[in-house]
Amino acid sequence: MTERPVLYLVVCAAGPAEHIHELVDLLIADGWRVCMIVSPTAAVWLDRAALQDKTGYLVRVEWRMPGDPEPHPPADVVVAAPVTFNTVTKWALGINDTLALGVLNESLGAGLPILAFPHVKAELAAHPAHEGHVALLRAAGVVVADGKPLNPTHGPGRWDVVIEALRSARPS
């Protein structure tokens, strides 16, 4: 029996993060081993112990100490959902000041498939730098969903866009 593929789920502090357990359930049901990396602010919002029980892996927020073993198996794919204006901006610039950004930057450099689902206020999306940062990430191979794809009015269906994108990107 082949092991299920590993998905790194990078979660930033935007409204949909409060319901990330729904996405985790869908990903596990779809055959993924889910390893979560969350931004420091998102970590405060989440029940990390419940998510760890659900995934079987430590929900990471901080860097590990030198010499400590890597708590997650290597990723096959990375999903950033929701990803914020702040994270998009820092990621495009190569800033590595949180573990979440470190994972995104390393994954990009390693050539892993990355899918990003922004959740950005209209006022921030209109910032003159935002469009260029999204374009830079796309040019580097990141699949960035258009607009604000994680529509809160869809309830648990908000995550369908993530599952559909993963199924389309998954090699046969």
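Two strands are taken as paired if DSSP finds at least two bridges between them. Strands (E, at least two residues) and helices (H or I, at least four) are DSSP runs numbered from the N terminus. The structure is a predicted model, in which local features need pLDDT of at least 70 and side-chain atom pairs count only at pLDDT 80 or more, while totals for chains, interfaces and linings use all residues. Residues are numbered from 1 along each chain as its sequence is written, and side-chain values use heavy atoms, with hydrogens and water left out.

1. Pairing of β1. Strand β3 (residues 77-83) runs parallel to β1 and is joined to it by 4 bridges. Within β3, Val77 is the bridge partner of Leu7. Strand β2 (residues 33-38) is also parallel to β1, with 6 bridges between them. Here Val11 stands opposite Val38 of β2.

2. Burial of β1. This strand covers residues 6-11, and 6 of its 6 residues are buried (buried is under 20% relative accessible area, exposed over 50%, partly exposed in between, with a 1.4 Å probe and protein chains only). In a regular strand the side chains alternate between the two faces of the sheet. In β1 both faces are covered: Val6, Tyr8 and Val10 are buried on one side, and Leu7, Leu9 and Val11 on the other.

3. Crossover. β1, helix α1 (residues 20-29) and β2 form a right-handed β-α-β unit. Right-handed means that, with the strands pointing away from the viewer, the path from the first strand over the helix to the second runs clockwise.

4. Helix packing. α1 packs against helix α3 (residues 48-55) at an angle of about 5°, and their axes are 11 Å apart (axes are lines fitted to C-alpha atoms, for helices over the stretch in contact, and angles run from 0 to 180 degrees between N-to-C directions). α1 is therefore roughly parallel to α3, a term for angles under 35 degrees. The contact (heavy atoms within 4.5 Å) involves Ile20, His21, Val24, Asp25 and Ile28 of α1 with Leu51, Lys54 and Thr55 of α3.

5. Cis peptide. Most residues other than glycine have a negative phi, and most peptide bonds are trans. The bond from Ala81 to Pro82 is cis, with omega near -15°. Pro82 lies in strand β3.

6. Leu112. This residue sits in the loop between α5 (99-110) and β4 (114-118). Leu112 has a relative accessible area of 25%, so it is partly exposed. Not counting residues up to four places away in sequence, Leu112 touches Ala75, Asp76, Val78 and Ser107. Thr84 is 28 residues from Leu112 in sequence and 20 Å from it in space, C-alpha to C-alpha.

Note on methods: Parallel < 35°, antiparallel > 145°, perpendicular 65-115°, else oblique.
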